[in-house]
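This report covers nonpolar cores, a surface patch and some backbone angles.

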Amino acid sequence: IYDGYQKFNPFIKDNLILSKNIKLDNRHLLINYADHEWAENHFIEIQGMTSSYYDFVVWKRDTYNADTIKIDDEGFRHTTGSNSNDVHDVWMFGGSGLWGTGSKDEYTIPSYLSNLSGLKIRNYAMGGWVIRQELNQLINEYAKMNKKEEEKERIIIFYDGANDGSAHCRSELGKDIS
């Protein structure tokens, strides 16, 4: 619903609406993107992505194939040097920092690690996810393993902080999990 609201609501007015009725994201004007001609297109592509509901993790991205962002049919971002059907050496879970918001596929942390190490890495990160969603995704992955995958030793990495902090470490939430 949120994706549809952002893309198709004719009442969103901020003088930065593109012809496709997508809000212009000006992060490409930041100094760290000065030498990256792909940056403006990247932030437009981010707004073109959609998500769908998935049990236990709430949402994952829908399949997407653009110039700077590729999402496979399981909802996860492409890692250069690895394919989604590989038996992976490393599974990485996290939020937008690990997913690679603001980066082309080859500049994400999992892609850098894959290219430096030669290891097969699966980027299970998702923008906005908290550790509980990531743990549920890990359980989902173990539940659907085949024999070849079960026998593979792997490293599992969780890279978190910001989403859990903003979701659970706020005094106005009271005395629950916060």
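## Terms and model

Contact means heavy atoms within 4.5 Å. The model is predicted: local features need pLDDT of at least 70, side-chain atom pairs count only at pLDDT 80 or more, and totals for chains, interfaces and linings use all residues. Residues are numbered from 1 along each chain as its sequence is written, and side-chain values use heavy atoms, with hydrogens and water left out.

## Nonpolar cores

A nonpolar core is a set of buried Ala, Val, Leu, Ile, Met, Phe, Trp, Tyr and Cys residues joined through side-chain atoms within 4.5 Å. Buried stands for under 20% relative accessible area, exposed for over 50%, and partly exposed for values in between (1.4 Å probe, protein chains only). The largest core holds 16 residues, and those with the most contacts inside it are Met49, Tyr64, Ile69, Ile71 and Trp99. At least two residues of this core come from each of α2 (39-48), β5 (90-94) and α3 (96-99); α2 gives the most, with three residues. Helices (H or I, at least four residues) and strands (E, at least two) are DSSP runs, numbered from the N terminus.

Leaving aside neighbours within four places in sequence, Ile69 touches His42, Glu45, Ile46, Met49, Tyr64, Arg77, Trp99 and Asp105. A second, separate core has nine residues, including Val57, Phe76, Phe93 and Met145. In soluble globular proteins, nonpolar side chains tend to be buried together.

## Surface patch

Ile131, Tyr142, Ile156 and Phe158 make up a nonpolar patch on the surface, with about 320 Å² of accessible area together. For such a patch, residues need over 30% relative accessible area and no salt bridge, and nonpolar side chains (Val, Leu, Ile, Met, Phe, Trp, Tyr) are joined within 5 Å. A salt bridge is a side-chain nitrogen of Lys or Arg within 4 Å of a carboxyl oxygen of Asp or Glu. Areas come from the Shrake-Rupley method with a 1.4 Å probe; for residues, only the protein chains shown count as cover.

Two or more patch residues are given by α5 (131-143) and by β7 (155-159). Phe158, in strand β7, is partly exposed at 32% relative accessibility.

## Positive phi angles

Most residues other than glycine have a negative phi. Phe56 has a positive phi of about 75°; this residue sits in the loop between β1 (51-54) and β2 (58-61) and is exposed, with a relative accessible area of 60%. Val58 also has a positive phi, of about 80°. Val58 belongs to strand β2 and is partly exposed at 45%.

Methods:
Patch = residues over 30% accessible without salt bridge, like charges linked within 9 Å, V, L, I, M, F, W, Y side chains within 5 Å.
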